[in-house]
Amino acid sequence: MIEEILPAAVVGVETFADLPDDERGLFPEEEAVVARAVPKRRREFAAVRSCARRALGRFGLAPVPLIPTPRGAPQWPEGMVGSMTHCDGYRAAAVARAGDAASIGIDAEPDGPLPEGVLDIIALPSELRWIHARAAAGPGVHWDRLLFSMKESVFKTWYPLTGRELDFSEAEIDVDPDARTFSARLLVPGPVVAGRRMDGFSGRWTAGAGLVMTAIVLPGS
């Protein structure tokens, strides 16, 4: 499912199930990260790293520890970029060579309504108007959850390039429901990529199997 929204240069690997206890195969450095985590978190952590290592393996890379930064962003092997996501019943990773992609952000969410009050926190006025208009048109994708996923993918793309936080209010999303694409206009100075300052990102989205999923891949140098 994830590969539907990734370009050919990016390898995506996904799973809809956690690994058995004897197949989790975490490195000691990774075990230390989740040593005190609840079992659910440990299962997610292991399964999504298994996806990432399988994706890296398609580039001929041997398995290595994938340690998160304090902000939670995975640290990839030299010369590679990537992104991970997990939600109930789903884990995925997407990776590419740094020459083919400057940064990647993927996110998957359950295709259900956001908890009450969350939309007002994450959405700009223009986004709220659009979501209310789509909801009035009839049932379908939960557009509020899709917006949240898009903003998560924006942050995951932004953070490795800047090392800085990005508030939900600092990127304005515009969605094409028919083409299943979206754009994010940055409302703060964007990162410099290949000598050019970015004023926004563009991405793709899909829905199915009870999920909404988004991906942004910035071209490399």
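1. Val-11 has Val-95 as its bridge partner in strand E3. Strand E1 (11–15) and strand E3 (residues 90–97) run antiparallel and are joined by 5 bridges. Two strands are said to pair if DSSP finds at least two bridges between them.

2. The model is predicted: local features need pLDDT of at least 70 and side-chain atom pairs count only at pLDDT 80 or more, whereas totals for chains, interfaces and linings use all residues. Residues are numbered from 1 along each chain as its sequence is written, and side-chain values use heavy atoms, with hydrogens and water left out.

3. E1 and E3 belong to an open sheet of 3 strands in the order E1-E3-E2, with antiparallel pairing. Its edge strands are E1 and strand E2 (80–87), each of which pairs on one side only. From one strand to the next, the twist averages 10°. Helix H2 (residues 39–57) lies across E1, E2 and E3 and runs at about 35° to E3. Such angles run from 0 to 180 degrees between N-to-C directions, with axes fitted as lines to C-alpha atoms, for helices over the stretch in contact.

4. A further open sheet has 5 strands in the order E4-E10-E9-E6-E5, and its pairing is antiparallel. Here E4 and E5 are the edge strands, each pairing on one side only. The twist averages 20° from one strand to the next. Helix H5 packs on this sheet, touching E4, E5, strand E6 (181–186), E9 and E10, and its direction makes about 150° with that of E4.

5. Strand E10 (residues 211–219) is mostly covered, with 8 of its 9 residues buried; buried means under 20% relative accessible area, exposed over 50%, and partly exposed in between (1.4 Å probe, protein chains only). E10 pairs with strand E4 (residues 101–110) in the antiparallel sense over 9 bridges, and Ile-104 has Val-217 as its bridge partner in E10. Strand E9 (residues 200–208) pairs with E10 in the antiparallel sense over 6 bridges, with Gly-203 opposite Ile-216. The hairpin of E9 and E10 has 2 residues between the strands, and Ala-209 there takes a positive phi near 55°.

6. Ser-153 lies in helix H5 (residues 143–162). Ser-153 is buried, with a relative accessible area of 0%. Its contacts (heavy atoms within 4.5 Å) include Gly-105, Asp-107, Ala-215 and Ile-216, residues up to four places away in sequence not being counted. The side chain of Ser-153 also makes a polar contact with the side chain of Thr-214 (2.8 Å). A polar contact is a pair of N or O atoms within 3.5 Å; within protein, one must be able to donate a hydrogen and the other to accept it, and residues adjacent in sequence count only if both atoms are side-chain atoms.

7. Which residues of helix H4 are buried? They are Glu-127, Leu-128 and Ile-131. These residues cover an arc of only 100° around the axis, which puts them on the same side of H4; the arc is that of the directions from the helix axis to the C-beta atoms. An α-helix has 3.6 residues a turn, so residues three or four places apart point the same way. On the other side of H4, Pro-125, Arg-129 and Ala-136 are exposed. The buried residues of H4 pack against helix H3 (118–122), H5 and strand E5 (171–176).

How values were computed
Helix = DSSP H or I, 4+ residues; strand = E, 2+ residues; numbered from the N terminus.
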